[in-house]
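Subject: Handover of a structure and notes on it

Dear colleague,

Please find below the structure that I am passing on to you. My notes on it follow directly after.

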Protein chains: 2
Amino acid sequence: MNLTCAHRSTTTFFGMLPSAKDRTQPTVVFIFGGSGDLNYRKLTPALYNLYIDGFLPERFAVAGIGRSEYTNEAFRERLQGGIAEFSRRKEGPWDEFAPKISYLKMDVADDASYAQITKLVQTCQTDWGVEPNVLFYLAVAPQLVPGIATNLSKLSFCHNHERVRMVVEKPFGHDLASAHELNVLLGGLFAEEQIYRIDHYLGKETVQNILALRFANALFEPLFNRNYVAEVQITAAETVGLEGRGGYYESSGALRDMIQNHLLQLLCMVAMDAPTSFNANEVRNKKVDVLNAIRPISPNEVDQVAVRGQYGSGTVKNKPVPAYRDEEGVANDSQTETFAAVKFMVDNWRWYDVPFYLRTGKALTEKMTSITIQFKEAPKLAFPAEVTAESWGSNRLTINIQPAMDIRLSFQAKRPGQVLDLDPVEMVFSFKGAYEGQEPEAYETLLLDVMLGDATLFMRADQVEAAWRAVTPILEHWEGHKLAELPTYAPGSWGPDAAHELLTKDGFVWQ
Amino acid sequence: MNLTCAHRSTTTFFGMLPSAKDRTQPTVVFIFGGSGDLNYRKLTPALYNLYIDGFLPERFAVAGIGRSEYTNEAFRERLQGGIAEFSRRKEGPWDEFAPKISYLKMDVADDASYAQITKLVQTCQTDWGVEPNVLFYLAVAPQLVPGIATNLSKLSFCHNHERVRMVVEKPFGHDLASAHELNVLLGGLFAEEQIYRIDHYLGKETVQNILALRFANALFEPLFNRNYVAEVQITAAETVGLEGRGGYYESSGALRDMIQNHLLQLLCMVAMDAPTSFNANEVRNKKVDVLNAIRPISPNEVDQVAVRGQYGSGTVKNKPVPAYRDEEGVANDSQTETFAAVKFMVDNWRWYDVPFYLRTGKALTEKMTSITIQFKEAPKLAFPAEVTAESWGSNRLTINIQPAMDIRLSFQAKRPGQVLDLDPVEMVFSFKGAYEGQEPEAYETLLLDVMLGDATLFMRADQVEAAWRAVTPILEHWEGHKLAELPTYAPGSWGPDAAHELLTKDGFVWQ
């Protein structure tokens with residue numbers, strides 16, 4: 001860990017020091033895939049908002065790298081379009097920011113072309129009079145990552161562990177073996193603390209708030225264990241279907257695309273033990289402890305704990321949705337699941353016997369990401385049978401990640417009046433209501449963290465592999481047992497019937 | 001316990017069965033103090049609302065008893081004025097209800113005049129063809145209670161423990177000795193289950209909800225103990241001063257008028273163990289357990305745990321308030337406290353070492369009754385010192401009884417943004433918001449309970465005496481140590497400075 005990190009490690013919290021504005025060092029950012037969608041929609045808007053908020057260092061440059069032909073001016077103009085369309089702030093000092101952007105046309109497979117990178121770094125160093133930090137953002141197809149990383153490792157300045165960092169986008173591997181292989185490759189070229197495996201879910205404000213909720217409060221933590229929790233549900237639902245992402249998705253599927261990374265990370269945040277500090281490795285140790293405690297699923301129980309499905313044709317919110325198999329780039333006998341639900345057990349003292357149900361899917365009823373902690377029922381023997389039979393509900397803590405951003409506590413209250421009725425009621429804290437418009441985008445948070453050298457919210461090699469290990473038995477079983485027909489579900493539903501049975505056979509229902 | 005009670009005891013919950021509407025028996029209610037204020041403002045409006053809601057039995061009669069001269073018509077007209085002024089419903093079938101009301105002019109000291117009561121009961125019995133239940137409501141000055149009870153006990157039908165009940169208003173005794181004496185007297189004349197010592201605070205919806213909150217939910221109960229609670233505050237504040245109640249208040253004071261009864265009862269509801277049923281005696285056993293566990297205050301520590309004060313002249317909310325000693329009926333060297341704050345300790349396994357701070361007063365800043373459960377701080381070592389120093393607050397559950405009717409959970413959340421700030425935020429459940437206008441008045445609830453024979457919300461003899469026992473050392477010390485000048489406080493303040501010191505010396509502050 002570099003000096004900056006070491007100094008900060010005792011006082012960081014998700015990388016955000018009160019004094020974060022003063023902490024970023026002169027930096028050059030290189031975005032591989034600079035002319036691509038992620039930069040257009042997310043990365044440049046995030047950098048621009050960080051700039052407006054004063055988080056970027058005064059000495060800052062960003063270069064897009066791509067195969068297309070752009071002048072600097074044309075490239076800036078293109079990105080300005082991304083700001084207009086996707087930035088949370090459209091207005092601002094764009095003319096001040098734009099000159100920091102340049103474009104490098106490169107063939108990333110040709111190591112000679114990397115000299116342009118060295119040259120830009122040297123120019124900045126000369127202009128600024130200090131050695132800059134360098135950040136490589138690999139927003140490229142996964143098959144390009146090994147080549148780019150190999151070529152970058154040949155640049156001598158890249159071995160400065162303190163100043164050079166690399167962000168690797170998902171998917172990180174296609175399975176455990178390929179993820180391991182990639183880790184070994186990258187680990188041979190760079191130090192682990194230089195590698196930032198990004199999971200943008202972890203940059204979301206409501207996700208970060210899970211740790212604040214759990215560990216800055218005395219109220220919740222005593223209840224977060226098997227003594228009080230009956231089950232946990234984590235749902236990430238989309239209403240849209242494939243929408244042209246056929247090529248990638250067809251070889252991935254819901255389990256790889258969402259559960260292996262985002263949803264298992266949310267599970268870790270709900271289930272992890274309290275870190276002794278918010279030091280990056282300490283937090284990641286506590287999270288990987290959870291992944292390592294996940295009960296291995298044996299091949300013959302996969303069908304009991306995991307459900308897959310594929311949407312047919314229909315409508316979602318009155319919009320027609322073609323069947324998955326009719327989408328472009330999808331085989332007409334595709335076995336790729338667009339819906340997956342898995343029951344995981346975390347075999348440690350805190351969570352033994354408490355099921356964690358994860359589900360995700362495309363073309364579902366509602367767009368929402370949400371965590372529900374369902375508490376065990378209170379002993380109800382003191383209450384009249386009439387009351388407990390009809391109006392009894394147990395307690396629930398709901399953390400809505402998106403698009404709603406709120407925390408809800410469901411409990412029982414007595415309905416006013418002379419007749420006894422217990423009503424389930426809710427207490428709500430709405431982040432949106434309290435802080436309308438103040439929340440940064442996930443990529444802002446994460447890009448700033450990389451610049452600050454804080455890896456707390458990024459995947460360490462062992463985390464990625466532990467997460468792959470958790471889903472591997474399901475992947476293998478599903479690949480080994482192709483079905484003539486995958487269970488289909490109607491667009492606008494909550495997935496195949498089997499997803500409901502996954503819970504009902506345990507006595508629960510999806511919330 | 002009478003048969004009806006015995007049958008109901010396994011299924012009641014604060015006396016309110018779903019089927020309560022079918023359970024009231026033909027009843028004659030006699031209100032001693034019929035021409036008085038309580039009947040005018042509270043009792044008749046409550047009975048009228050119960051009638052509108054269909055909770056009164058079809059065969060029902062109510063007779064006001066007083067020394068004044070009224071025809072039935074004139075009496076009904078008077079009470080109609082009370083409905084217009086104080087009923088939560090002004091409209092309604094008054095003409096249908098009014099004929100059920102009659103008036104008996106009686107000298108309550110003259111036992112011959114009680115024949116009128118017997119006569120009315122007999123008339124009802126003849127008219128209705130069944131033996132009615134009879135309810136005596138003693139809304140009279142406390143010195144009249146023994147005489148009335150003695151005379152009533154001479155009526156032969158009053159020995160029917162199942163059908164005849166008596167409601168005794170506060171104050172129940174002036175101190176432990178007089179309360180005990182009254183209990184002995186009443187206990188010699190009637191069975192304990194016939195005697196309903198009323199504390200109207202316990203009829204309030206938000207107070208009843210404390211038990212629902214605690215025992216119908218799995219979320220709160222695990223936290224309600226010394227492991228998690230730092231301290232509990234119970235405040236009942238009034239903005240008004242004496243307003244003409246001089247005679248009674250001057251001989252009573254804040255400790256007797258509020259703390260011995262209402263506030264200690266709220267303490268019991270917060271601190272009691274879970275009852276195994278909502279049977280009246282089971283609930284009252286659990287409550288009296290708390291009172292019996294209150295650490296006796298030794299005479300030489302009274303000044304450390306109890307604060308008294310008297311308001312001077314000033315203004316509350318821009319209205320001039322004369323000094324207490326300038327009020328009519330108050331001695332100009334009065335020692336009566338208009339403010340009292342007491343720290344009680346409950347010496348049992350659940351609450352050992354957790355202070356319960358109770359305070360009440362007249363002419364204070366705000367009219368409100370509220371309970372605050374302050375939780376211990378979370379261990380904050382994982383957080384940066386800058387964060388914990390400035391923005392750290394601990395968790396709090398606030399139950400607002402009146403005029404606000406809500407439950408608030410205060411906790412820490414991360415303020416959105418790249419700069420770390422923890423903000424104290426609130427989740428709120430508002431009874432008013434959820435059930436606007438649906439809540440019955442406390443007297444409705446309590447009168448119906450008496451009619452149903454459910455004594456859960458009423459004081460048993462041993463409860464009253466245990467509560468007196470808890471405050472006796474303070475009463476005796478204060479009476480034995482008259483001060484030349486009581487600590488005074490400005491109207492519109494939160495009481496004398498010593499009330500604040502009572503908490504600050506323990507490291508807490510009033511919320």
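At roughly what angle do the axes of helix α10 (residues 254-271) of chain B and helix α11 (residues 280-293) of chain B cross? Please bear in mind throughout that the model is predicted. The two axes cross at roughly 110 degrees and come within 9 Å of each other. The helices α10(B) and α11(B) are therefore roughly perpendicular. On the side of α10(B), the residues that take part in the contact are L264(B), Q265(B), L267(B), C268(B), M269(B) and A271(B). They meet K287(B), V290(B) and L291(B) of α11(B).

The two chains

Two copies of a chain are related by a rotation about an axis and a shift along it. Here, chain B is superposed on chain A by a rotation of 180 degrees with 0.0 Å of shift along the axis, and the RMSD is 0.0 Å. The copies are thus related as by a two-fold rotation axis. Both copies use the same surface, since 100% of the contact residues of chain B recur in chain A. The residue of chain B that comes closest to the rotation axis is M427(B), whose C-alpha lies at 2.6 Å.

The sheet of chain B

In chain B, 6 strands form an open sheet with parallel pairing, in the order β3-β2-β1-β4-β5-β6. Its edge strands, β3 (101-105) and β6 (195-197), each pair on one side only. Neighbouring strands are turned against each other by 20 degrees on average, direction ignored.

Within this sheet, strand β1 (residues 27-32) and strand β2 (residues 60-66) of chain B pair in the parallel sense over 6 bridges. V28(B) stands opposite A61(B) of β2(B). Two helices that pack on the sheet may be mentioned here. Helix α3 (residues 72-86) of chain B touches β2 and β3 of chain B, and its direction makes about 115 degrees with that of β3(B). Helix α15 (residues 442-452) of chain B touches β1, β2, β4 (133-138), β5 (164-168) and β6 of chain B, and makes about 140 degrees with the direction of β4(B).

Strands β4(B) and β5(B) run parallel and are joined by 5 bridges. L135(B) stands opposite R165(B) of β5(B). Strand β5(B) is largely enclosed by the rest of the structure, because 5 of its 5 residues are buried. V164(B), M166(B) and V168(B) point one way from this strand, whereas R165(B) and V167(B) point the other way.

The sheet of chain A

Chain A likewise has an open sheet of 6 strands with parallel pairing, in the order β3-β2-β1-β4-β5-β6. At its edges stand β3 (101-105) and β6 (195-197) of chain A; each has a single partner strand, so one side of each is left without a neighbour in the sheet. Strands β1 (residues 27-32) and β4 (residues 133-138) of chain A pair in the parallel sense over 6 bridges, and F32(A) has L138(A) in β4(A) as its bridge partner. Helix α6 (residues 145-153) of chain A lies across β1, β4 and β5 (164-168) of chain A and runs at about 160 degrees to β4(A).

Cysteines

The structure holds 0 disulfides over all chains. For C158(A), the closest cysteine sulfur is that of C124(A), at 14 Å, which is too far for a bond. C158(A) is also buried, with a relative accessible area of 0%. In chain B, the sulfur of C124(B) is 14 Å from that of C158(B), its closest cysteine sulfur, again too far for a bond. C124(B) is buried, with a relative accessible area of 6%.

Yours sincerely

Notes
Residues numbered from 1 in each chain as written. Chains lettered and ligands numbered in written order. Predicted model: local features only at pLDDT ≥ 70, side-chain atom pairs only at ≥ 80, totals over all residues. Heavy atoms only, no water. Least-squares fit on C-alpha atoms with pLDDT ≥ 70 in both. Contact = heavy atoms within 4.5 Å. Disulfide = S-S within 2.5 Å. Buried < 20%, exposed > 50% of the residue type's maximum accessible area, 1.4 Å probe, protein only. Pairing = 2+ DSSP bridges. Helix = DSSP H or I, 4+ residues; strand = E, 2+ residues; numbered from the N terminus. Axes fitted to C-alpha atoms, helices over the stretch in contact; angles between N-to-C directions. Parallel < 35°, antiparallel > 145°, perpendicular 65-115°, else oblique.
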